[in-house]
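Subject: the two-chain model, with notes

Hi,

Here is the model I said I would pass on.

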Protein chains: 2
Amino acid sequence: MNTKLPVLRHTVELRHAVQQWRRQGQKIALVPTMGGLHDGHLSLVRLAKQHANRVIVSVFVNPTQFAPHEDFDAYPRNEERDWHKLGTVEADAMYAPDVHEIYPRDFATRVDVAGVAQPLEGISRPHFFSGVATVVTKLFLQALPDVAVFGEKDYQQLLVVKKLVRDLNFPVTIVPGPIMREPDGLAMSSRNVYLDAQDRVTAPHLYGVLQDMAGDLAAGREMDETVKKGLARLEKHGFRVDYLEVRDAENLTPAVYPLWKPVRLLAAAYLGKVRLIDNMAVPSPGAH
Amino acid sequence: MNTKLPVLRHTVELRHAVQQWRRQGQKIALVPTMGGLHDGHLSLVRLAKQHANRVIVSVFVNPTQFAPHEDFDAYPRNEERDWHKLGTVEADAMYAPDVHEIYPRDFATRVDVAGVAQPLEGISRPHFFSGVATVVTKLFLQALPDVAVFGEKDYQQLLVVKKLVRDLNFPVTIVPGPIMREPDGLAMSSRNVYLDAQDRVTAPHLYGVLQDMAGDLAAGREMDETVKKGLARLEKHGFRVDYLEVRDAENLTPAVYPLWKPVRLLAAAYLGKVRLIDNMAVPSPGAH
């Protein structure tokens with residue numbers, strides 16, 4: 001490793017760095033990640049640099065947002081690779097704490113967001129957003145950033161974090177980063193490495209179907225019919241669909257047809273054992 | 001009202017005041033209260049002034065820590081009286097937000113501390129500490145104080161707040177304030193005004209019993225026997241005892257006899273409809 005990008009292991013080091021920057025009048029951004037960095041993450045770092053003078057990227061695979069049957073142990077970890085990638089986008093610090101630094105032995109506190117955290121991923125993964133809200137609370141209180149960047153790839157997570165910030169009065173501005181996609185349309189994700197060659201070819205159809213559905217809805221096509229058609233196409237391609245829904249873009253309540261508020265398409269579907277998620281804004285009907 | 005002590009109603013005003021003070025290099029303390037201020041509260045403000053240059057006292061009767069059958073509506077409120085009292089101890093600001101400022105219509109987030117929040121008050125008042133942890137989180141994030149003062153009168157609450165701060169990494173130092181008592185020993189409490197003349201005469205026996213128990217335990221007397229005797233005395237005086245226990249002073253797990261770690265006596269008991277709580281450190285056996 002070269003010595004350019006400092007790696008911070010402890011909260012005290014992180015706070016020390018932040019305090020020094022703040023004393024110099026610098027604005028500070030945090031980009032929370034679970035490592036396995038790809039170009040999607042790097043786009044978030046670049047976005048963070050537009051909103052702040054200093055960018056801290058946290059790399060922490062948070063155990064409390066995985067269920068026992070999920071892929072916590074198998075989750076892709078390669079810290080050195082992550083560190084090199086962060087060097088290329090000129091992050092200012094990588095915060096990579098040990099699990100015991102975040103969750104000491106007698107850790108006993110939990111943060112829960114109701115409402116927007118309950119449908120969709122909240123049903124498929126009941127402990128997920130409580131794990132997210134708790135670790136984000138800790139990271140925010142450790143780093144005290146002015147700005148934090150979250151990708152729209154995890155759209156519901158982005159809304160949960162926004163709600164958390166509003167409800168608990170965090171003095172942090174949340175900046176959403178657009179989804180980055182492979183040339184064939186597949187949303188970038190650390191979990192894409194799990195896809196076998198066959199499924200990797202199929203995977204971009206998730207994007208294709210969402211795109212066509214968004215077009216149909218924007219053209220005024222009936223909602224339930226559009227969803228039914230999308231579902232059939234995904235199943236024909238071999239996806240096992242967890243959900244495919246049209247939701248209010250702000251609070252994720254079910255969309256009401258005819259659409260008159262901004263809505264978002266959200267999908268989760270399995271190819272083999274790999275669970276893919278994706279989402280897309282629907283242009284307002286009449287906007288084209 | 002005179003114009004000396006500013007009353008802040010909104011989070012933005014609070015943050016503005018704190019920012020200005022911080023820019024001047026001042027250290028800031030928060031003393032969270034539910035109003036109904038008495039000399040016990042004022043002692044906390046004086047203590048806060050020893051730890052900081054500026055002291056903010058919040059006055060907010062937090063609805064989420066009352067159960068439906070509890071005394072939220074009847075809880076003593078007299079803001080002008082509180083304001084005058086705070087003037088006498090030279091607090092720097094009174095933060096008295098409206099309930100909608102703290103809990104907007106769609107508020108949906110909750111902070112829970114397990115472990116130390118579960119026994120004693122946690123059993124009698126199942127929603128109490130979740131309400132406390134959530135509102136304290138919000139007040140800390142609104143004011144971002146360096147120091148916060150909590151009275152030992154609510155000893156379990158003090159431990160819950162300390163745990164909250166450690167678990168979520170709040171950059172706040174918690175300073176405990178000793179219990180203030182009336183000349184006859186009754187612990188000062190906003191709820192003492194509910195006691196009728198007869199019960200007011202009986203109430204100090206709670207203190208007397210705790211004092212004798214602490215003396216007996218410090219003298220090496222057997223624990224269960226000591227508790228049984230204390231219980232009998234309280235009942236003879238007409239108390240309906242909710243709990244009377246000897247607990248580990250740090251984490252409130254049941255004390256183990258013979259006592260070898262610091263322990264605390266904790267009690268909750270009704271006189272008529274009024275629920276009194278009190279607690280006391282037990283001097284270590286052999287310390288006298």
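Below is what came out of going through the structure.

First, the conventions. This is a predicted model, so to speak of local features I needed pLDDT of at least 70, and side-chain atom pairs count only at pLDDT 80 or more, while totals for chains, interfaces and linings use all residues. Residues are numbered from 1 along each chain as its sequence is written, and chains are lettered from A and ligands numbered from 1 in the order in which they are written.

**Where the chains meet**

The contact between the chains involves 22 residues of chain A and 22 residues of chain B. Here "in contact" is a C-beta criterion: the two C-beta atoms, placed from the backbone, lie within 7 Å. On the chain A side, at least two residues each come from strand E5 (109-113), helix H6 (128-143) and helix H7 (155-168). Helices (H or I, at least four residues) and strands (E, at least two) are DSSP runs, numbered from the N terminus. E5(A) gives the largest share of that side, five residues. Sorted by class, the chain A side has 10 nonpolar, six polar and six charged residues. For those classes, Ala, Val, Leu, Ile, Met, Phe, Trp, Tyr, Cys and Pro count as nonpolar, Asp, Glu, Lys and Arg as charged, and the others, Gly among them, as polar.

Pairing here needs at least two bridges found by DSSP between the strands. Val111(A) has Val111(B) as its bridge partner.

**Domains of chain A**

Chain A is assigned domain 1 (7-177) and domain 2 (190-281); such bounds come from an automatic or database domain assignment. Taken over C-alpha atoms, the centres of the two domains are 26 Å apart. Their contact takes 12 residues from domain 1 and 11 residues from domain 2. On the domain 1 side, H7(A) supplies the largest share, three residues. That side divides into seven nonpolar, five polar and no charged residues.

**A three-stranded sheet**

Chain A has an open sheet of three strands in the order E8-E9-E10, with antiparallel pairing. Strand E8 (240-248) and strand E10 (274-281) are at the edges with a single partner strand each, so one side of each has no neighbour in the sheet. The twist averages 10° from one strand to the next. E8(A) and strand E9 (residues 263-271) of chain A pair over eight bridges, and the bridge partner of Asp248(A) in E9(A) is Val263(A). Helix H9 (residues 205-218) of chain A packs on the sheet and touches E8, E9 and E10, its direction making about 25° with that of E10(A). For such angles, axes are lines fitted to C-alpha atoms, for helices over the stretch in contact, and values run from 0 to 180 degrees between N-to-C directions.

**The core**

The largest nonpolar core has 160 residues, and Val160(A), Leu206(A), Val160(B) and Leu206(B) have the most contacts inside it. A nonpolar core means a set of buried Ala, Val, Leu, Ile, Met, Phe, Trp, Tyr and Cys residues joined through C-beta atoms within 7 Å. A residue is buried with 20 or more other C-beta atoms within 10 Å of its own, exposed with 12 or fewer, and partly exposed in between, with C-beta atoms placed from the backbone. Leaving aside neighbours within four places in sequence, the contacts of Val160(A) include Val113(A), Val116(A) and Phe129(A).

**Backbone details and one lysine**

Most residues other than glycine have a negative phi, and most peptide bonds are trans. Glu90(A) has a positive phi near 55°, and Glu90(B) has a positive phi of about 55°. Glu90(A) lies in the loop between helix H3 (79-88) and strand E4 (93-95) of chain A, and counts as exposed because it has 12 C-beta neighbours inside 10 Å.

The peptide bond from Tyr257(A) to Pro258(A) is cis, and a cis bond also joins Tyr257(B) and Pro258(B). Pro258(A) is in the loop between E8 and E9 of chain A.

Lys27(A) sits in the loop between helix H1 (11-23) and strand E2 (28-33) of chain A. Lys27(A) counts as partly exposed, because it has 14 C-beta neighbours inside 10 Å. Not counting residues up to four places away in sequence, Lys27(A) touches Ala52(A), Asn53(A) and Asp146(A).

Cheers
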